[in-house]
Amino acid sequence: MTFRQLAYRNVLRNFRSYAAFFLASVVSVMVFFVYSMFIFHPLFEEEGLGTLAVRGMLIAEVVLYIFTLFFLFYSMSAFLQARSKEFGVLVHLGMTKKQLSKMIFFEMMILGSISTAAGIAFGFTFSKFFFMIGREIMELESLPLYLSWQPFVLTIGAFASLFIIISFISVGFIRTKRVLNLLQGYWKADEMGRNSIILSVSGIGFLAVAYTLAAFVDDDSVYTMAFIIPPLATIGTYLFFTHSIQALLNLLKKKKTFFWDKTRLVSIADSSVKLKDSAQMFFIVTIVSTIAFLTVGTLASFTSYTGDFRESNPLSLIYISFEENPQEDEHINLLKNQLEQKGLAYGVAQLTVKRQTSAASGNEVDILQASQFNRLAAMLGHEVVDPDSGEGIFIPYSQESLAALNETVTDTVLSESDVPLFIDDAYPHIMFPNHTLNANSIIVNDQDFEAIDEPLTGYTGEQSSFTYYAFDVPDWTATLGIGNSLSDRMAEAFETGNFDEIAFYFENPGEDYRWFKSSFALMLFIGVMVALVFLLAAGSFIYFKLYTGLERDRKQYALLVRLGMTEKELLKIVNRQLVPQFFLPWTIALLHSCFAFISLQVVWDEFAELSILGEMAAVLAGFTLVQLLYFYLIRWRYIAHLQAS
Amino acid sequence: MPLVKIDDITKVYEGKVTHRAVNQLGFEVEKGQFLAIMGPSGSGKTTLLNLISTIDDLTSGSIQIDGINPHELDKNELALFRRRKLGFVFQDFNLLQMLTVEENLVLPLTLDYIPLDQMTSRVLEIADRLSLAPILHKRPNEISGGEAQRTAIGRALIHKPDLILADEPTGNLDSKASREVLELLSAINREEGATIIMVTHDPIAASYCNRVLFIKDGEFFNEIYSDDRRQTFYQRILNVLSLLGGNVNDLSAARLP
């Protein structure tokens, strides 16, 4: 046996203990490689959604790299600690520190190369599949598989550097000086130590404060709180796992009628030791899971924005012509021609909008004519309006504004033209997106509309009115590409900030919708893969803790069986020990996420007015299901191992 | 010239209660001697062995093995010293679980980068000597306690060390396996002239040795040398032990005729 073979055999024959760690590394490499395949795709060199994809995936790769670095570092130091007895024997037999480092370095390199190779192999095998998903999401004609050296080099380079960094760092953590301590091994410290009451209370205190702040956050404080709550919650979580749980269990233990009851004595005492021993691991698992939940939850909540899109954009194409627009007819004909070419049925309503000042509020208002409005309403299948002379009807721009306007009664005069208006009604449907008409828009009777003949104060007669062309296309998502030339000119004007060139406003909601939808789906796709790596890593920490404790547990169960514990009672104890290990960090992470989403809802309310509750519930339920499956899988293996002895 | 020269060594454990584990102990071990160190629980036997095997630090005094004071060596030289000069046998064997018997045997040579053909021949030689040949390819969890301890002895012998240190080598074995291990150790001592220091509290185990050193509370208590018959030597060991006192447990293995 040569020295290299020693390292090689150490890894291969210990493979079961490396299994979960290995799985998480392989998936991490795989996801990284798939992203690289997207990033270097020749199709994405052009502008558009591809740029977004490339940017998103680059960020995801950086996140993945940093996370994997941290994950590997933590796992490796735990692995090495668990192997300290083995190292003790080797050092005792005369292994120098240099040789020990060399051995560990070899082992890491073996693990690293196997997981990189496996990850790339899987990634390449499945890249066709991921490209298909990507093509669907980005609605590309085709996203062919390609072969290039770049993704391979990037992935291999990234992970080789990662494993080398980790092996150097983790080697530094082994102390060969105290051979005796190494020989005594990892599990020697079962003593409970004293538990600080102040820290236990402050752990729960920090969490309570963080939750309260999160629950009562409002529009003004939300951005300040974004910097206050996360650190508070993190410290609180740490103290909770290291101290508060012990304090709670000690309280339970003091109550002997509860504690000294059948199997409870063993399970609580043992849980207490295990929770203490893995407090830091639980903390990390909680934080990592919370981040994964939040990532996926936030991205999923974007998709509810697209779900809401049609409600606030019921028109299919919008063209607004301002004063002195020589191309008005030309543009409208262009749009009509393009719709006909595509074979899309459509209706168009032309509305003249006059701008006035309301004397009651002093605000500017947009005035629409009832007959023109009714044509549009009929086209969209809504009821018509018939205001009397001197009466007006508010046009709502969102569900919230509709509720508010229903409550409002206004008696006003359009000050320029001296037209009195009494308004106590609001149109019950949202028709115009809020950025295309004034927030205060009123429908008036045709005679009153004619009576408005004075221009808005400070403007010419031509500037104080505009023409609104509202197109209705039943197949509204099929309008892709219609009015492209207009959209391009709009985009150009927005970029340069120079609006002098264009005397119109054009919007194609169908196209916007497709774009929103694909880009959010794309982000969700990227986020889910990163979250998957996070969760697998968190799972591997738990697996590893169970695995290193297996030998000790086996001895303990053998002893309990000898003391006369039945199989059934034993399973009960096993359950009671496994459940907190799996679900305690999980529950805390769920709690964290729930409160984080309460705050997030405030942010959403502010600019999109929609509820993310449904998406959130779906995401959290999905993750819980996965965790349950993982729990049953591990429990099945764990009990099989225990019973094997 | 004695192989091991121990001069007035003291080991004090600092802590909440300062504990003097070994107190001004001095003795010598000749080359080719098979020495047993006996004493009641807590008398400092294992501490003494750890001091000799260089994995624990001395408080005062000096130890010389083959003219070298290992406590003056730096970390690297110390590792090399342990690797080449010493062989260890532990109570709980300390075999590496993921290596086979053969690989465990060859481990000290591997650490010294010995050429492969030499390693193979040494393993065959040792396996033959300790009748390990049939189990060479088994893993430690597949073999009996006696076989495991024979493997550990093989590992301690394979690099032909100057001194073999054994800490309760029969502590985890049944009486048949114990006898095999002890006969093996004494045969190695007789036939190959290996120097062995063995810590034990089993008087039967001690009776296989040439010389028994008794310590009590970390201090020298008595020593006796073997004579022609193991039975009478055993009886004399028991006599000293009864003088030594200690608790009943320590004498449990003794059956008075």
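Biologist: Which residue is the bridge partner of A:T357 in β3(A)?

Modeller: The general idea is that two strands pair if DSSP finds at least two bridges between them. Helices (H or I, at least four residues) and strands (E, at least two) are DSSP runs, numbered from the N terminus. Here the bridge partner of A:T357 is A:E364 in β3(A). A word on conventions: this is a predicted model, in which local features need pLDDT of at least 70 and side-chain atom pairs count only at pLDDT 80 or more, while totals for chains, interfaces and linings use all residues. Residues are numbered from 1 along each chain as its sequence is written, and chains are lettered from A and ligands numbered from 1 in the order in which they are written.

Biologist: How many bridges join β2(A) to β3(A), and do the strands run parallel or antiparallel?

Modeller: β2(A) and β3(A) run antiparallel and are joined by five bridges. They form a hairpin with six residues between them, and A:G362 in the turn has a positive phi of about 80 degrees. β2(A) also pairs with β8(A): eight bridges join these two strands, which run antiparallel. Within that pairing, A:T352 stands opposite A:T467 of β8(A).

Biologist: Is A:Q356 buried or exposed?

Modeller: A residue is buried if 20 or more other C-beta atoms lie within 10 Å of its own, exposed if 12 or fewer, and partly exposed in between, with C-beta atoms placed from the backbone. A:Q356 lies in strand β2 (residues 347-357) of chain A. A:Q356 counts as buried because it has 27 C-beta neighbours inside 10 Å.

Biologist: With which residues is A:Q356 in contact, leaving aside its neighbours within four places in sequence?

Modeller: Two residues are in contact if their C-beta atoms, placed from the backbone, lie within 7 Å. With those sequence neighbours set aside, the contacts of A:Q356 are A:V365, A:I367, A:L414, A:E416, A:S417, A:I452 and A:L456.

Biologist: What is the bridge partner of A:L414 in β6(A)?

Modeller: A:L414 has A:V419 as its bridge partner in β6(A). Five bridges join β5(A) to β6(A), and these strands run antiparallel. By contrast, strand β4 (residues 391-394) of chain A and β6(A) run parallel, joined by four bridges. There A:G392 stands opposite A:I423 in β6(A).

Biologist: Where is A:D418 found?

Modeller: A:D418 is in the loop between β5 (410-414) and β6 (419-426) of chain A. The hairpin of these strands has four residues between them, and A:D418 takes a positive phi near 60 degrees. A:D418 counts as exposed because it has 11 C-beta neighbours inside 10 Å.

Biologist: Which non-glycine residue of chain B has a positive phi of about 45 degrees?

Modeller: That residue is B:E168. Its place is in the loop between β6 (163-167) and α6 (175-192) of chain B. B:E168 is buried, since 20 other C-beta atoms lie within 10 Å.

Biologist: Which residues of helix α15 (residues 370-380) of chain A are buried?

Modeller: The buried residues there are A:A370, A:F373 and A:L376. They lie on the same side of α15(A), because they cover an arc of only 125 degrees around the axis; the arc is that of the directions from the helix axis to the C-beta atoms. Their cover includes β2, β3 (364-369), β7 (441-444), α17 (446-451) and β8 (465-472) of chain A. Just after α15(A), A:G381 takes a positive phi of about 80 degrees.

Biologist: Which residues of α8(B) are buried?

Modeller: In α8(B), the buried residues are B:F233, B:I237 and B:L241. They cover an arc of only 80 degrees around the axis, so they are on the same side of α8(B). On the other side of α8(B), the exposed residues are B:Q231, B:T232, B:N239, B:S242 and B:L243. What covers the buried residues includes α7 (203-206) and β8 (211-216) of chain B.
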